[in-house]
Amino acid sequence: MKDIEQLVNELSNEAAPIRPAASPWMLSLKWSGVAIAYLLVALAASGLRPDLAQAMQHPLYAAELLLLLMILLATTLGSALLAFPDLHQKRALAYTPLALFALFILLLLIAWRADTPPAPFPVHSFECTMDITFISLIPAALAFLVLRGYASTHPHWAGSFALLAAFSVGAIWLRLYEVNDSILHVVQWHYLPMIGVGLIGWVLGTRLLKW
């Protein structure tokens, strides 16, 4: 009996303490802080569009930026909640990004109807998608690296939201940097690619975050 007790004591003393996982709120706060800091660094390197003060006077442009920021914050929180097996008992909050994307689509439709006569297209096209993707690579890699340390039972949604959060960083950066008022161009080369990004995140999440 004493031998068993001694063995239990030895094993207990040798066991390394387990560090509790950060709460989804703290995880989301850290991700959002890093994403915004990264965005500010990118803007410091590229500069702001010279007509930003004038552009911000247009309510639809300001609303577009605000909704993009809300999507960024909601997708980081959604990914953080989805990283936990029970979604931290906040299932409805975890899927808030879907409602925000619906609002964003509605806003783009309103902006398209208001763009009369249509603003001229810029001379470039797919370069915008490439630029957004390039800016998104670092936050996307960091998000997946962190998520792999958790035990998500919804890896497809977690991966999709993580990539959309990273893509939102790039989208905000380009809208603050590029002098462009063509809503058709913005929809085609800035926001339609989000569908593909979400699908890629879905596949990557299923393969890389499944446990």
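This is a predicted model: local features need pLDDT of at least 70, side-chain atom pairs count only at pLDDT 80 or more; totals for chains, interfaces and linings use all residues.
Residues are numbered from 1 along each chain as its sequence is written, and side-chain values use heavy atoms, with hydrogens and water left out.

Two packed helices are described by the angle between their axes and the distance between the axes. For helix α4 (residues 59-82) and helix α6 (residues 96-114), the axes come within 10 Å and cross at roughly 165 degrees. Axes are lines fitted to C-alpha atoms, for helices over the stretch in contact, with angles running from 0 to 180 degrees between N-to-C directions. α4 and α6 are therefore roughly antiparallel to each other (angles over 145 degrees; under 35 is roughly parallel, 65 to 115 roughly perpendicular and the rest oblique). On the α4 side, the residues that meet α6 are Leu60, Ala63, Glu64, Leu67, Leu68, Met70, Ile71, Ala74 and Thr75; their partners in α6 are Pro97, Leu100, Phe101, Leu103, Phe104, Leu107, Ile110, Ala111 and Ala114. Contact denotes heavy atoms within 4.5 Å. The residues of this contact of α4 with α6 divide into 16 nonpolar, one polar and one charged, where Ala, Val, Leu, Ile, Met, Phe, Trp, Tyr, Cys and Pro count as nonpolar, Asp, Glu, Lys and Arg as charged, and the others, Gly among them, as polar.

α4 also packs against helix α8 (residues 155-177), at an angle of about 155 degrees and with the axes 8 Å apart. These two helices, α4 and α8, are therefore roughly antiparallel to each other, and their crossing is left-handed. Residues of α4 in the contact include Tyr61, Leu65, Leu72, Thr76 and Leu82, and those of α8 include Trp157, Phe161, Ala165, Ile172 and Arg175. By class, the contact of α4 with α8 has 17 nonpolar, five polar and two charged residues.

The protein chain as a whole has 10 helices and zero strands; helices (H or I, at least four residues) and strands (E, at least two) are DSSP runs, numbered from the N terminus. Buried residues make up 43% of the 211 residues in the chain (buried, under 20% relative accessible area; exposed, over 50%; partly exposed, in between; 1.4 Å probe, protein chains only). Among contacts between residues at least 6 apart in sequence, 85% join residues at least 24 apart.

Serine 32, in helix α2 (residues 24-46), counts as buried at 8% relative accessibility. Apart from neighbours within four places in sequence, serine 32 is in contact with Leu73 and Thr76. The side chains of serine 32 and threonine 76 are joined by a polar contact of 3.1 Å, that is, a pair of N or O atoms within 3.5 Å, of which, within protein, one must be able to donate a hydrogen and the other to accept it, residues adjacent in sequence counting only if both atoms are side-chain atoms. The C-alpha atoms of serine 32 and alanine 165 are 9.2 Å apart, with a sequence separation of 133 residues.

Threonine 129 lies in helix α7 (residues 127-147) and is buried, with a relative accessible area of 17%. Residues up to four places away in sequence aside, threonine 129 touches Trp189 and Pro193. A polar atom of the threonine 129 side chain lies 2.6 Å from the backbone oxygen of tryptophan 189.

Conventions: A crossing is left-handed if the near helix is turned anticlockwise from the far one by less than a right angle, and right-handed if clockwise.
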